[in-house]
2 protein chains.
Amino acid sequence: MRILVVDDDRDIVESISLFLSAEGYSVLKAFNGLEALEKLNENTVHLMILDIMMPQLDGIKTLMKLRQSRNIPVILLSAKSEDADKILGLTAGADDYVTKPFNPSELVARVRSQLRRYTSLGSIEKEKNYIVTGGLAIDTESKTVKLDGEKVRLTPIEYKILELLAKNKGRVLSADEIYRKVWNEESVVGDNTIAVHVRHIREKIEINPKEPRYLKVVWGIGYKLD
Amino acid sequence: MRILVVDDDRDIVESISLFLSAEGYSVLKAFNGLEALEKLNENTVHLMILDIMMPQLDGIKTLMKLRQSRNIPVILLSAKSEDADKILGLTAGADDYVTKPFNPSELVARVRSQLRRYTSLGSIEKEKNYIVTGGLAIDTESKTVKLDGEKVRLTPIEYKILELLAKNKGRVLSADEIYRKVWNEESVVGDNTIAVHVRHIREKIEINPKEPRYLKVVWGIGYKLD
DNA sequence: CATCGACCACCAGTATCCTCATGCTTTTTC
DNA sequence: GAAAAAGCATGAGGATACTGGTGGTCGATG
């Protein structure tokens, strides 16, 4: 079990780490929100202890960012014990909330408790990467696409094109660009292959292909998703 | 399924939106009662999450206003857990009542539950949106336009422009404004694209395009429908 | 091995969109 | 009230995108 400890106060990070590793947990450290998100991307992390007041990117924002793609337990740490902060934290998706100063043993107990619940639920399997746009949810892990909860069957190429557009949500990609990225080779001039695939995707993800809600054309430029 | 989230605390709106969109729901946001009512008019909304304590127009008043014309499920959100408030809210027409702080997953579960009940009752069929102006009837659900009972074939852009004008019946919209709303991007100067589309629309919905009955020009300002 | 179905590429015809040039109408200016 | 300016309407054509259909490839199936 690997735990990420995030606080801008290095002494606190060190002391928490000490207690956790004494319990047999593997510990990663970060000292602001951005750093935390980096570590999360680069490592398998099972739980995060997160301070709220931090420079760069505060705890709440970090948490919200995290929750866009992942579901691991997060214990918030804060000096404020006011209800409003607690509410905000829990609403933003925290699993627990501990106010400073705290008893290290209590923190460890809470960590154990969260991990127990988390692993027992088999959620560890569910660590996935989602890209969401309106009612369209793309799971880049299992390569599946859901529309308003309904699974949509796309062919491999269709999926690749959609994922590419989803990863560049809002940005317009020309047919050429799409061809290069999906096929990994130069496109031929006078080819409307992309257009045909776009039509097929639309037939599957748009209610009314004439009025695309998601996959839109930008005249003379290319396609975009938004 | 589109959900409107209303709270004056932007952080809360953001976090709720996050959880909902991860579930594949399309989300709209508003930060006070008036704004909420506007969004409700301009969009097809299937459920609303509504905070009670808000400036401008509070949640209860907003709810009562809404209930004069529509029947979608509404989940009230409040910091107060007193029975009196709960009763007041439910009496005013709310379908559920959640007190802060709440567990996001619980809220999502309640949303799902309300939507299930709502859609299973077939109420969603009744939420058809018609805009009628004289002999002109626009069905925003099927994106079709009828003129004196006859179906009119409009191209997607033509339809969008007409729908936009219809939703703002009587109000004058400048070419710029129309461009921004329909294309979702800034307009270019010295462009008479809108004028051309307006002509095409007129050719289809007006008997005598020279003397428009519906789509009228307001000199120096823009176009309007009435 | 033959058959079938899924998937993909390509083509040609059609629809849609935008631009340009120009004519017309209203407003402003003198 | 006439000329100038500004705003809108019109017609036509080229560029771009969409659509339906055809044929080819490939792997699965019997």
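**Figure 1. The interface of chain A and chain B.** Buried area is the accessible area (1.4 Å probe) that two parts lose on being put together, summed over both. In this predicted model, chain A and chain B bury about 1800 Å² between them, and 63% of that area is on carbon and sulfur atoms. Contact (heavy atoms within 4.5 Å) involves 17 residues from chain A and 21 residues from chain B. Helices (H or I, at least four residues) and strands (E, at least two) are DSSP runs, numbered from the N terminus.

Figure 2. Between chain A and chain B, 0 residue pairs are in polar contact (both at pLDDT 80 or more). On the side of chain A that touches chain B, α3 (59-67) and α4 (83-91) of chain A each give two or more residues. The most come from α4(A), with 4 residues.

**Figure 3. The surface near DNA strand D.** A residue is near a strand if one of its heavy atoms lies within 4 Å of it. Of the 16 residues around DNA strand D, those that come nearest are R199(A), Y223(A), R199(B), R202(B) and Y223(B). Polar side-chain atoms of R202(B) and Y223(B) each lie 2.6 Å from a phosphate oxygen of DNA strand D.

**Figure 4. The surface near DNA strand C.** DNA strand C is surrounded by 22 residues; the closest are T155(A), W183(A), H197(A), T155(B) and H197(B). Of its atoms within 4 Å of the protein, 79% belong to sugar or phosphate and the rest to bases. A polar side-chain atom of H197(B) lies 2.6 Å from a phosphate oxygen of DNA strand C.

**Notes to all figures.** Residues are numbered from 1 along each chain as its sequence is written, and chains are lettered from A and ligands numbered from 1 in the order in which they are written. Local features need pLDDT of at least 70, side-chain atom pairs count only at pLDDT 80 or more, totals for chains, interfaces and linings use all residues, and side-chain values use heavy atoms, with hydrogens and water left out.

How values were computed
Polar contact = N/O pair within 3.5 Å; in protein donor to acceptor, adjacent residues only side chain to side chain.
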